[in-house]
Amino acid sequence: MSYEFDTDPEVHDFALQVRKFVESEAIPLENQIDAQAHGIAPELRVQLQKAAKAAGIFAPTAPKEFGGKEFNHAAQAVILEEAGRSLLGPTALNCAAPDEGNILLLNKIATPAQRDKYLAPLSRGEIRSSFSMTEPSPGAGADPNLLSTTAVKTTSGWVINGNKWLITGADGAAFSIVMAKTSGGATMFLVDNENPGMKVVRNLDTLDSAFTGGHGVVDFNECVVSDDAVLGQVDEGFVNAQVRLGPARLTHCMRWLGAARRAHETAVAYAAQRPMFGTELSSLGMAQQMIADNEIDIEASRALIHRAAWKLDQGSPARKETSVAKTFVAEATFRIVDRSMQLCGASGTTGDLPIAQIFRDIRPFRIYDGPSEVHRWSISRRAVRQSQGGKLPGDWA
Ligand SMILES: Cc1cc2nc3c(=O)[nH]c(=O)nc-3n(C[C@H](O)[C@H](O)[C@H](O)COP(=O)(O)OP(=O)(O)OC[C@H]3O[C@@H](n4cnc5c(N)ncnc54)[C@H](O)[C@@H]3O)c2cc1C
């Protein structure tokens with residue numbers, strides 16, 4: 001447990017309950033994750049969420065107004081790490097991506113009518129959502145300025161045209177937050193999945209398999225929405241995206257740190273009992289180095305997460321801190337899981353241990369929410385500008 005960072009007994013108790021829930025309710029169901037289906041099945045999601053509600057640990061990040069616990073970022077760091085120990089944990093607690101980030105964004109910028117229609121049922125787990133930004137090349141990816149999906153104003157609303165892909169959870173979601181180019185910048189729109197102009201064309205065959213709905217290709221063809229569908233202000237899409245980006249990349253770090261820790265715990269238990277060359281694996285120097293390096297990566301990741309969470313709780317956008325944490329944690333957690341697999345030998349590559357599944361699911365984290373290279377580019381530019389006394393830009397990463 002990482003609760004020593006938070007002295008609040010409520011957070012401590014909540015995190016302990018999450019830990020118990022993950023052990024007793026989530027981990028036993030992990031064999032139901034179907035790697036071929038690329039997503040936690042909708043029925044399994046419902047079952048897990050029912051159990052989490054019964055355990056009193058549902059929706060730790062959602063607004064209290066809609067039944068959530070609305071813990072601050074520092075508390076979330078403790079709780080989401082525990083939830084992340086199972087790939088099913090965040091979905092069970094309704095704090096998985098993309099819903100968790102969308103809840104945060106809607107809570108900050110949605111109108112009262114949008115809160116009732118989208119935020120309330122999303123917080124309660126009654127519906128799912130997606131966030132549609134990325135487009136196939138030559139459209140928006142690491143560089144958001146390549147955004148090519150357009151929204152054109154009409155007398156009664158807007159018409160959206162374009163293609164998105166890699167949209168997590170699009171298949172089966174009730175709505176998507178869609179980023180489109182408008183005459184003076186970019187704008188976010190709330191588009192209902194039943195809108196005939198928005199179609200989930202197919203689900204991609206991806207490495208990971210623990211996001212309900214998988215990752216979809218979504219087409220917008222003369223997609224008509226009303227003025228009420230604008231989320232935030234017209235032409236302020238990139239500014240509003242920043243509201244979601246920093247905290248959402250940090251919650252990813254929290255969850256993946258939990259998963260990496262689970263892989264490490266599994267490897268340490270294996271090494272401690274595995275007879276080898278007249279001793280145990282855990283007593284051999286090169287194995288000790290891997291175990292120690294994992295411990296170092298876990299501690300360093302946690303420290304960066306908690307520092308960034310603290311900054312967010314002070315009201316700072318914490319752009320640098322979340323960017324540094326995202327880059328380090330995405331790479332460190334992959335190293336941890338990779339070493340854990342190595343320590344366990346062949347069993348680490350099989351479904352008998354949880355490591356192989358975590359390995360597959362954690363790898364893409366170095367690409368989404370900003371590839372490491374974009375973050376390094378941004379961190380470096382920021383450092384240089386600061387040294388020159390320049391004004392800090394509103395970087396994407
Ligand atoms: C599992 C998963 C889930 C996702 N979910 C969503 C979602 O729900 N919604 C959504 O909109 N998108 C989603 N994405 C897409 C994700 O945000 C993009 O993949 C990411 O922004 C990178 O864009 P791209 O894949 O087009 O890569 P590209 O833009 O083509 O970049 C390719 C590579 O270029 C390199 N690069 C980038 N910038 C630099 C630089 N400055 N210097 C040097 N090298 C650089 C990086 O190595 C990068 O990986 C998801 C992706 C994955 C893998």
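Pro-98 sits in the loop between α4 (89–92) and α5 (99–109); helices here are DSSP runs of H or I with at least four residues, strands are runs of E with at least two, and both are numbered from the N terminus. The peptide bond joining Ala-97 and Pro-98 is cis, with omega about 0 degrees. Another cis peptide bond joins Ser-137 and Pro-138, where omega is about 15 degrees. Pro-138 belongs to the loop between β1 (129–132) and β2 (150–153).

The model is predicted: local features need pLDDT of at least 70, side-chain atom pairs count only at pLDDT 80 or more, and totals for chains, interfaces and linings use all residues. Residues are numbered from 1 along each chain as its sequence is written, and side-chain values use heavy atoms, with hydrogens and water left out.

Backbone geometry also stands out at Glu-222, a residue other than glycine with a positive phi near 50 degrees. Glu-222 is in strand β7 (residues 215–226).

The ligand is surrounded by 18 residues (each with a heavy atom within 4 Å of the ligand). The closest are Phe-131, Thr-134, Ala-142, Thr-168 and Glu-373. The table gives polar contacts, which are pairs of N or O atoms within 3.5 Å.

| Residue | Protein atom | Ligand atom | Distance |
|---|---|---|---|
| Phe-131 | polar backbone atom | nitrogen | 2.7 Å |
| Met-133 | backbone N or O atom | oxygen | 2.9 Å |
| Thr-134 | polar side-chain atom | nitrogen | 2.6 Å |

On its own the ligand has 980 Å² of accessible area (Shrake-Rupley method, 1.4 Å probe), and the protein covers 66% of that.

Two packed helices are described by the angle between their axes and the distance between the axes. Axes are lines fitted to C-alpha atoms, for helices over the stretch in contact, and angles run from 0 to 180 degrees between N-to-C directions.

Helix α8 (residues 285–313) packs against helix α9 (residues 319–343) at about 155 degrees, with the axes 9 Å apart. The two are therefore roughly antiparallel; angles over 145 degrees count as such, those under 35 as roughly parallel, 65 to 115 as roughly perpendicular, and the rest as oblique. The crossing of α8 and α9 is left-handed, meaning that the near helix is turned anticlockwise from the far one by less than a right angle; clockwise would be right-handed. Their contact has 16 nonpolar, five polar and seven charged residues.

Helix α1 (residues 9–26) and helix α2 (residues 42–54) pack at about 140 degrees, with their axes 11 Å apart. That angle makes α1 oblique to α2. Their crossing is right-handed.

Conventions. Nonpolar A, V, L, I, M, F, W, Y, C, P; charged D, E, K, R; others polar. Polar contact = N/O pair within 3.5 Å; in protein donor to acceptor, adjacent residues only side chain to side chain.
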